[in-house]
Amino acid sequence: MSETTERADVQSSASGKGLLPTLLSVLKTARPRQWVKNVLVFAAPFTAAQITNIGVLVDAAIAFVAFSFVASSVYLINDAVDVEADRAHPTKRNRPIAAGIVSIPLAYASAVVFFLAGLGVSLLADWRLLIVLVVYEAVQLGYCFGLKHQPVIDLTIVGSGFLMRLIAGGVATGISLSQWFLLVTAFGSLFMVAGKRFAEVMLYERTGAKIRSSLKKYSASYLRFVWATSAAILIMSYCLWAFEQQQRVPGTVWSVISIVPFVIAVLRYAVDVDCGNAGEPEEIALRDRVLQVLGATWVVTLACSYYL
């Protein structure tokens, strides 16, 4: 039986499963596991010592939900556009659209619903949040429909998504963001994105799996250079931000102490990058217990710098 016939059989069987299984498949395509990235919207109120302010916390939660919906719309469109490439990938071929469980028209329609839902939710916080979400969607659609094939540009666009999450949290809560913390987010995201691309190149070298066209223009050594440089600037920017926080809150050394778990966490993550295992950042965060402990320690030290 040919691959086309098999796919048709899958689509036929999927169509007969009913509404609920189809909706669950759409939800899976929306990648709710990746919503963990959107906790970055809480960074602005946390670093401004406003995380216990109920009004601010509610606005940040609204930004989290709105960004989750809009990001899911991008995932749906991306998988619909990349359907043929995903079918040739050893793991991505199991995604609902690539497997023929979710049709491409349904994916596009669901993306519109998620996007409009995100915009609607954003208005509960601040109209400027809607602008951030529209800009995010426009940039990411540019990525989906061609810019993903441009080396370096693809790295910066994916990395900008993390930065926009931080900005969204600041806009929704009305909190100004430190220039150093913006740099931390920018180069931290570039570090993770370059690490993910490095892992994909390593997968290609090990298995010969088909990879995105832009990666064919990268070498493992170049990507190693990018994530190593990003890690260095990330650590430097965070240290400068931590010392700035100490000056803002005299008499406390907790923000400086937070440098220790932060740097160790970056180096721990770099181990996964160097081994070529840095796939999805959220998967590493959910899988690595040591990294979770370091993250919790970092949060506690920062909390102490604000509330002790």
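V152 is a friendly place to start: with 38% relative accessibility, V152 counts as partly exposed, where buried means under 20% relative accessible area, exposed over 50% and partly exposed in between (1.4 Å probe, protein chains only). The model is a predicted one, in which local features need pLDDT of at least 70 and side-chain atom pairs count only at pLDDT 80 or more, while totals for chains, interfaces and linings use all residues. Residues are numbered from 1 along each chain as its sequence is written, and side-chain values use heavy atoms, with hydrogens and water left out.

**Overall build**

- The protein chain has 14 helices and zero strands; helices (H or I, at least four residues) and strands (E, at least two) are DSSP runs, numbered from the N terminus.
- Of the 308 residues in the protein chain, 47% are buried.
- Among contacts in the protein chain with a separation of 6 or more, 73% come from residues 24 or more positions apart, a contact being heavy atoms within 4.5 Å.

- Most residues other than glycine have a negative phi.
- V152 has a positive phi, near 75°, and its place is in the loop between α7 (127-144) and α8.
- R31 also is not a glycine and has a positive phi of about 55°.
- R31 is found in the loop between α2 (19-29) and α3 (43-47), and at 13% relative accessibility R31 counts as buried.

**Where α4 meets α8**

- The axes of helix α4 (residues 54-81) and helix α8 (residues 153-173) come within 8 Å and cross at roughly 145°; axes are lines fitted to C-alpha atoms, for helices over the stretch in contact, and angles run from 0 to 180 degrees between N-to-C directions.
- This crossing of α4 and α8 is right-handed, the term for a near helix turned clockwise from the far one by less than a right angle, with anticlockwise being left-handed.
- On the α4 side, the contact is made by V56, D59, A60, A63, F67, A71 and Y75; α8 brings G161, M164, R165, A168, A172 and T173.
- By class, the contact of α4 with α8 has nine nonpolar, two polar and two charged residues; Ala, Val, Leu, Ile, Met, Phe, Trp, Tyr, Cys and Pro count as nonpolar, Asp, Glu, Lys and Arg as charged, and the others, Gly among them, as polar.
- R165 has its charged end over the ring of F162, 5.7 Å from the ring centre; the rule is NZ of Lys or CZ of Arg within 6 Å of the ring centre and within 35 degrees of the ring normal.

**Aromatic rings**

- The structure holds 13 aromatic pairs; rings of Phe, Tyr and Trp (its six-membered ring) pair if their centres lie within 6.5 Å, and planes under 30 degrees apart count as stacked, over 60 as edge-to-face and the rest as tilted.
- Y218 and Y222 are stacked, because their ring centres are 5.8 Å apart and their planes at 5°.
- Y218 is buried at 8% relative accessibility, whereas Y222 is partly exposed at 31%.
- F262 and W298 form a tilted pair, because their ring centres are 6.2 Å apart and their planes at 50°.
- F262 lies in helix α12 (residues 259-274) and W298 in helix α14 (residues 289-307), so this pair ties together parts 36 residues apart in sequence.
- F181, Y238, W241, F262 and W298 form one aromatic cluster.

**F187 and its contacts**

- F187 is found in helix α9 (residues 179-207) and is partly exposed at 25% relative accessibility.
- Beyond its neighbours within four places in sequence, F187 is in contact with S230, I233 and L234.
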